[in-house]
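Here's a quick briefing on how two protein chains sit together and what each one is built from. Have a look at the structure first, then read on.

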Amino acid sequence: MDYNWNWGVLFEEEYLGWLISGFWWTIAVALCAWCIAIVVGSLVGIGRTVPNRFIRAISGTYVELFRNVPLLVQMFIWYFAVPELVPDDWGRWMKRDMPNPEFTTAVIALALYTASRVAEQVRAGIETVPEGLNAAAKAHGLSVAQTYRHILLPISFRLIVPPLTSEFLTVFKNSSLALTIGLLELTAQSQQIAEYTFQGFEAFTAATVIYVCIALVATVISQSLERYTAIPGFVGKEA
Amino acid sequence: MDDFDFGVIIQSLPFLWEGLQLSLWLTFLAIVGGIALGTLLALARLSGILPLSLLAAGYVNLIRSVPLILVIFWFYFLVPLVLGRPIGGFYSALIAFVLFEAAYYSEIMRAGIQSVRQGQVFAGKATGLNYWQIQRFVVLPQAFRNMIPILVTQGIILFQDTSLVFVVSLRDFMTASSIVARTEGRLVEMYLFAAVVYFVICFAGSLYVRRLKSRMAT
């Protein structure tokens, strides 16, 4: 194996700057997408469990649609196809005036994709709440909205913290797909350093180490959140 | 959005079909390799031999915290360097997928192995089977059966993941669609078509998983 090691390349000002900027783009895309995904995903997940059949059907369609198309294809559709499909004025705005088009598109694509996965967790969480609580709420004369607000959601959101943790980690990894539409996030920057300097080993190692650190930090944060939100002694019904 | 030309899809069907075949072939080989290696990793992790289980756990956690695209870049760079000669994009991608997916399959198999009751292992020991015989005849067959729906679901995810070979221009279905899209200037039609094809295949797969689950429940 012929290879000239040169770890110093990572600390040359230009390339170090690329890595740092890539790191911040990765964080920015992932966190923005995650915030949107939590909101949309919760709404869709709740929608899948409500009595209203129409809302259930729409939410179900959303989940199947976004889960069964690869994220890469979704990225491309948002970036290349949507500006052509919307009314002309909007399309022109998206192509010319939208600030930071790669970033915005990547966040939207990643957020709506992640939302479908969050929705499944939310639905599973709501379905794990024992039937008796739902019946008790009805017997007390609570409306559907009140039942969700006071009984189902407070319990289920605490139950789904652990599975959401792993979704949270996945968002950081999936944010690397933003490079396919030209956003220079961490993976793209490391690839670019590898191309410019032929020091692929060093460049990819740097990116790997940074991703591992992101995962570690995210895990530590989530674990303390899990401890804080765990419901002592709760046993859900068998799924 | 006045002039759409969906004829471009029909014209390029043979080209796209070749790409789809590559995607499916890559998926199949990566599933087989991933499950085989993943099972070994799971066994190593549950072996009770400390260095072995730490090593396996370290590998799984490392792979699970980096994005697949980065892993693909890694192996495109590493494989020719280690072997000293280029072996073509397909095999580099295949190695990347097997090593990447093995980490995910090993978590599934670990759960599967743990779902087999301890008493069965004791019974195996009592009948005089050695470790490998117990795994081969008692534990793994049941672990596989319990995990089939999740293994198939992971297979569907893997099929979607193969679209990422786009980043190294390996000509799978996604790359083929995008080549047609660019050369013909028909981005909207081609990407929507790609979405439909992926959707149909993956949705059919998830319906199959649902049926498997309900059949297993009864």
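Let's start with one pairing: Arg210(B) and Glu64(A) form a salt bridge, with their closest N and O atoms 2.9 Å apart. A salt bridge here means a side-chain nitrogen of Lys or Arg within 4 Å of a carboxyl oxygen of Asp or Glu. In general, side chains of opposite charge can pair when their charged atoms come close.

Keep in mind that this is a predicted model: local features need pLDDT of at least 70, side-chain atom pairs count only at pLDDT 80 or more, and totals for chains, interfaces and linings use all residues. Residues are numbered from 1 along each chain as its sequence is written, chains are lettered from A and ligands numbered from 1 in the order in which they are written, and side-chain values use heavy atoms, leaving out hydrogens and water.

**Where the chains meet**

- Across the interface of chain B and chain A, the rule finds 1 salt bridge.
- There are also 5 residue pairs in polar contact between chain B and chain A, both residues being at pLDDT 80 or more. A polar contact is a pair of N or O atoms within 3.5 Å; within protein, one must be able to donate a hydrogen and the other to accept it, and residues adjacent in sequence count only if both atoms are side-chain atoms.
- On chain B, the helices α3 (50-64), α4 (68-83), α8 (173-184) and α9 (187-217) each supply at least two residues of the side that touches chain A. Helices (H or I, at least four residues) and strands (E, at least two) are DSSP runs, numbered from the N terminus.
- The largest share of that side, 12 residues, comes from α9(B).
- Sort the residues of that side of chain B and you get 28 nonpolar, 4 polar and 3 charged. Ala, Val, Leu, Ile, Met, Phe, Trp, Tyr, Cys and Pro count as nonpolar, Asp, Glu, Lys and Arg as charged, and the others, Gly among them, as polar.
- Counting contacts (heavy atoms within 4.5 Å), 35 residues of chain B and 36 residues of chain A take part.
- About 3200 Å² is buried between chain B and chain A, and carbon and sulfur atoms give 78% of it. Buried area is the accessible area (1.4 Å probe) that two parts lose on being put together, summed over both.

**Chain by chain**

- Chain A has 10 helices and 0 strands, and its C-alpha trace spans about 75 × 50 × 30 Å along its principal axes.
- Chain B has 9 helices and 0 strands, and its C-alpha atoms fill a box of roughly 75 × 50 × 25 Å along the principal axes.

**Another salt bridge**

- Over all chains, the structure holds 11 salt bridges.
- One of them joins the side chains of Arg67(A) and Glu120(A) (3.7 Å, N to O).
- This pair links distant parts of the chain, 53 residues apart: Arg67(A) lies in helix α2 (residues 53-67) of chain A and Glu120(A) in helix α5 (residues 101-128) of chain A.
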